[in-house]
Amino acid sequence: MMSAETNPTAPGIGTVQVHGGTANPPAAHPVHPPLYLTASYSFGSLAEARECFAQRQPGFTYSRTGSPTVGLLERRLAELEGGVGAVATASGQAAISLALLALAGRSGQSPDGEPHPDVDPGHVVASNRIYGGTADLLNDTLAEAGIGVTWVSPHRPEEWARAVTPRARAFLVESIGNPHADLPDLPALAEIAHASGAVLIVDNTLATPYLLRPGLLGADVVVHSVTKYLTGNGTALAGVVVDTGRFNPSLDADRWPQFTVPRRRFGNQSLVAARGEHGAFLHLVRAQLLNDLGPSLAPWNAQQALEGIETLDVRVRRHCEVAEEIASRLQGHPRVAAVRHPSLPGSPDAAIARRDFPRGTGAILSFELDGTTREVEQFFDALRLFTIAVNLGDGRSMISHPAWTTHCRLTPELKAAGGITDQTVRLALGREDVDDLWADLAQALDSVGAPQTAAAANQDATAQHHVTERKEAARA
């Protein structure tokens, strides 16, 4: 092989380090889609670059707005949800943020579709029995952007109708509520939303499209924390916004100027004209909000999600079976004051469960421990198999205390409306053996209020001493 020393026309070592071996890429045909780890993409000509950046020609420009790996995940999730398209994000929280900003931001309230600072943004009607991080987003960060919110019960459609204002642009609800597994009447909420001109957004994280497709029940937009059951192994953060194809902004053009009015940002064209009735919303999410704010999904995380989705049906079936059995057993324990899961006889959501969830109602449940706050801590500390963690959808079973973790920043009013007390315990059931899980819960519940024996106290002290020794050794 000739080198630069023997062939003066051969490239130097610095050039070979970067470009060596790329002249003739292998003609491989991998069974699993390849992982594209690149920040940017090259263009065959300046004209091609110009057309792609002007959004007149499809193509990848920079991985902040997409990559081939992320694109495959988007197409797969859109198909799973029966949607017309999707935009993946760095987390579920980012997905909700971008969807609400696209619909209820200032540009949607101004006649020219531009985000004037003096224009009041839109208003959101949201379920008051919802993930604490979503409540934080609406109460704090989106409130700073001027977006208003009214909190209502997912069980009372009439409250949603009363909460609608002229600026209402979105309804937000979870298909299975976190942490109590509340089931809303989605067709009823869709009817109210559409009558008022609002878009129904459904967070389908806890159900997944295996248990429920909200678009079939009237949802316009579906969001997911892909981190959870879709990925299924607790390794990677991801989110997605799916357009179900029901939202048609041109049917009420004056209400949706951000999509129907020509905008400077998009070459003095309206998004509907440039992208079609069912491409306008997602293009605003991707080309403006994802691009400007940057909550982009990493290709590696997208690959993790793609791997997980391949086993979604098998995993979720098992999760549901475990949760239903544990919920049933908890009902009979004397230290459990109440259990909430739609599979239980007498659940207020039983009728919706039968109508909309023939495959099961998920693996999240909550219960009220009959005891003091000290006894709640005693119960948690006695667990050996359950992992104290706030994630869910993993193969392992996790337990958390919403009032002190995921829902700790709720206002007292929202805590009360959401049924969050210091005795509330959330279980995210995994796929372990049911008898092993129950044995762990039962022994921890039985220990509540029991005095610690001298032998047990000595054992705990010895264990703590070993932990301290290991920490000191690590620091040394």
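The largest cavity has a volume of about 40 Å³, where a cavity is a set of points, on a 1 Å grid over the protein atoms alone, at which a 1.4 Å probe fits but cannot get out, and a volume is the space filled by probe spheres set on the points, with grid points joined across faces, edges and corners. The count comes to 1 cavity of 30 Å³ or more. The model is predicted, and local features need pLDDT of at least 70, side-chain atom pairs count only at pLDDT 80 or more, and totals for chains, interfaces and linings use all residues. Residues are numbered from 1 along each chain as its sequence is written, and side-chain values use heavy atoms, with hydrogens and water left out.

The lining of the largest cavity consists of Asn128, Arg129, Ile130, Asn178, Pro179, His180, His407, Leu410, Leu414, Gly418 and Ile420, lining residues being those with an atom within 4 Å of a point. By class this lining has 5 nonpolar, 5 polar and 1 charged residues; Ala, Val, Leu, Ile, Met, Phe, Trp, Tyr, Cys and Pro count as nonpolar, Asp, Glu, Lys and Arg as charged, and the others, Gly among them, as polar.

## Backbone features in two loops

Two of the cavity-lining residues, Asn178 and Pro179, are joined by a cis peptide bond with omega near 20 degrees. Pro179 belongs to the loop between β4 and α7 (186-196); helices (H or I, at least four residues) and strands (E, at least two) are DSSP runs numbered from the N terminus. In the loop between α2 and α3 lies Gln55, a residue other than glycine whose phi is positive, near 65 degrees.

Contact here means heavy atoms within 4.5 Å, while axes are lines fitted to C-alpha atoms, for helices over the stretch in contact, and angles run from 0 to 180 degrees between N-to-C directions.

The largest pocket holds about 910 Å³ of space, a pocket being an open set of points with protein on both sides within 12 Å along at least five of seven lines. Its lining comprises 31 residues, of which Gly59, Thr65, Arg275, His283 and Arg286 lie nearest the centre. Two or more lining residues come from each of α2 (46-53), α3 (68-80), β1 and α11, and α11 gives the most, with 5 residues. The lining of the largest pocket divides into 11 nonpolar, 13 polar and 7 charged residues.

The second largest pocket has a volume of about 380 Å³ and is lined by 22 residues, with Gln93, Tyr131, Thr205, Ser225 and Lys228 nearest its centre. At least two lining residues are supplied by each of α4 (92-104) and β6, and α4 gives the most, with 3 residues. By class, the lining of the second largest pocket has 7 nonpolar, 11 polar and 4 charged residues.

## Helix pairs

Helix α3 packs against helix α12 (residues 299-309) at an angle of about 35 degrees, with the axes 8 Å apart. Their crossing is left-handed, as the term applies if the near helix is turned anticlockwise from the far one by less than a right angle, and right-handed if clockwise. The contact of α3 with α12 has 10 nonpolar, 2 polar and 1 charged residues, including Leu73 and Leu77 in α3 and Ala302 and Leu306 in α12.

The axes of helix α13 (residues 312-331) and helix α17 (residues 434-447) come within 10 Å and cross at roughly 35 degrees, and this crossing is right-handed. Residues of α13 in the contact include Val322 and Ile326, and those of α17 include Trp438 and Leu441. The contact of α13 with α17 has 8 nonpolar, no polar and 4 charged residues.
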